[in-house]
Amino acid sequence: MQVIKPGDTRGTLYIVATPIGNLEDISARAVSVLSEVAVIAAEDTRHSGRLLQHLGLNKPLIALHDHNERGRVQGILGQLLAGADVALISDAGTPLISDPGYVLVREARAEGLRVSPIPGPCALIAALSAAGLPTDRFLFVGFLPAKRSGRRTALEEIRKENATLVFYESPHRILDTVADIVEIMGGHREIVLGREITKAFETFYSGEATQVLATLTEDPHGSRGEFVVMVRGAEKTESSLMAGALDVDRLLSLLMEELPLKKAAKIASSLTGLGKNELYQRALDLKDS
Ligand code: SAM
């Protein structure tokens with residue numbers, strides 16, 4: 001049990017959110033904390049150096065990225081224990097959200113040091129706030145696996161999740177990921193893509209997954225820039241609840257033993273209320289596996 005309040009003579013570790021594109025999104029408090037700390041730990045010192053220059057700040061920077069975080073933590077803890085305040089920033093948005101910092105925060109807390117968030121931009125929250133999808137429950141998945149098989153397995157695992165799903169995706173995988181969503185979650189599933197949020201070419205694509213895939217494929221700039229992918233959760237209808245109890249895969253497997261795939265999917269659809277196409281796709285997957 002631990003309670004840490006202001007007033008500690010040792011240093012504070014500030015977790016400072018920085019812009020995700022538009023530099024005006026930095027908060028006044030973030031600027032004042034960055035100007036007051038002794039040192040700033042940054043994911044990419046060159047990138048953050050430009051932000052600090054824009055803010056007119058000249059501070060010592062320490063590189064803290066995924067590949068050196070464990071090695072750097074002791075040095076930063078040493079500074080905090082000696083009474084220096086330290087800020088952690090990442091290349092964009094909120095540190096630790098698909099960004100480095102977890103080891104540092106965990107260790108600082110284990111030392112009983114004060115860790116204080118300076119909230120601000122975060123791509124997933126910005127995207128969700130403007131998407132028009134339910135926000136009462138959402139599941140942030142971060143980046144899906146880069147390889148197709150891993151990505152498809154990850155999507156399979158959350159196919160029936162009722163909460164809104166949120167992913168980060170890189171521009172060179174966006175088309176493949178949306179195509180996998182179409183196949184695994186069904187072409188009718190509502191999705192919203194937030195692209196280049198807060199930047200000059202900010203674009204939101206929304207609609208049924210197949211429509212969004214077609215629009216993105218046709219748009220010559222469609223797969224450029226940074227993306228947040230949001231998928232409406234699976235409907236929690238009476239039939240899908242019943243389907244949950246029924247074990248759809250088992251039902252399909254039994255029907256497939258006696259019937260052609262299409263017929264098996266059709267009967268499973270009338271029994272469960274789930275979509276015929278979705279069940280046909282599932283039957284194909286079961287057959288392949
Ligand atoms: N820590 C950051 C945050 O708070 O959002 C996220 C860092 S993560 C390494 C970078 C990913 O966030 C990008 O690949 C993209 O999926 C998403 N992202 C960051 N900035 C974005 C923006 N302006 N528009 C859309 N997506 C963005």
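1. Leaving aside neighbours within four places in sequence, which residues is alanine 84 in contact with? They are Gly11, Thr12, Ala38 and Gln79. Contact means heavy atoms within 4.5 Å. Alanine 84 sits in the loop between helix 3 and strand 4. Helices (H or I, at least four residues) and strands (E, at least two) are DSSP runs, numbered from the N terminus.

2. A word on the basis. This is a predicted model, where local features need pLDDT of at least 70, side-chain atom pairs count only at pLDDT 80 or more, and totals for chains, interfaces and linings use all residues. Residues are numbered from 1 along each chain as its sequence is written, and side-chain values use heavy atoms, with hydrogens and water left out.

3. Domains. The assignment gives domain 1 (12-121), domain 2 (124-234) and domain 3 (237-288). These bounds come from an automatic or database domain assignment. The centres of domain 1 and domain 3, taken over C-alpha atoms, are 50 Å apart. For a residue pair, take alanine 84 and glutamate 278. They are 194 residues apart along the chain, and 57 Å separate their C-alpha atoms.

4. Two strands pair if DSSP finds at least two bridges between them. Strand 2 (residues 39-42) pairs with strand 3 over 3 bridges, in the parallel sense. Within this pair, isoleucine 40 stands opposite leucine 61 of strand 3.

5. Axes are lines fitted to C-alpha atoms, for helices over the stretch in contact, and angles run from 0 to 180 degrees between N-to-C directions.

6. An open sheet of 5 strands runs in the order 6-7-10-8-9, with mixed pairing. Strand 6 (138-143) and strand 9 (203-208) are its edge strands, each pairing on one side only. Here the twist averages 15° from one strand to the next. Strand 8 (residues 190-195) and strand 10 (residues 227-231) pair in the antiparallel sense over 5 bridges. Arginine 195 has phenylalanine 227 in strand 10 as its bridge partner. Helix 8 (residues 209-218) packs on the sheet, touching strand 8, strand 9 and strand 10. Its direction makes about 135° with that of strand 9.

7. The cavity. A search of the whole structure finds 1 cavity of 30 Å³ or more. On a 1 Å grid over the protein atoms alone, a cavity is a set of points where a 1.4 Å probe fits but cannot get out; lining residues have an atom within 4 Å of a point. The largest cavity holds about 30 Å³ of space. Grid points are joined across faces, edges and corners, and a volume is the space filled by probe spheres set on the points.

8. The lining. Glu156, Arg159, Glu183, Ile184, Glu278, Gln281, Arg282 and Asp285 line the largest cavity. Helix 7 (174-185) and helix 12 (276-288) are the elements that give two or more residues. Helix 12 supplies the largest share, 4 residues. Domain 2 and domain 3 each give at least three residues. By class, the lining has 1 nonpolar, 1 polar and 6 charged residues. Ala, Val, Leu, Ile, Met, Phe, Trp, Tyr, Cys and Pro count as nonpolar, Asp, Glu, Lys and Arg as charged, and the others, Gly among them, as polar.

Definitions and conventions:
1 Å grid on protein atoms, 1.4 Å probe; cavity = no way out; pocket = protein on both sides within 12 Å on 5 of 7 lines; lining within 4 Å.
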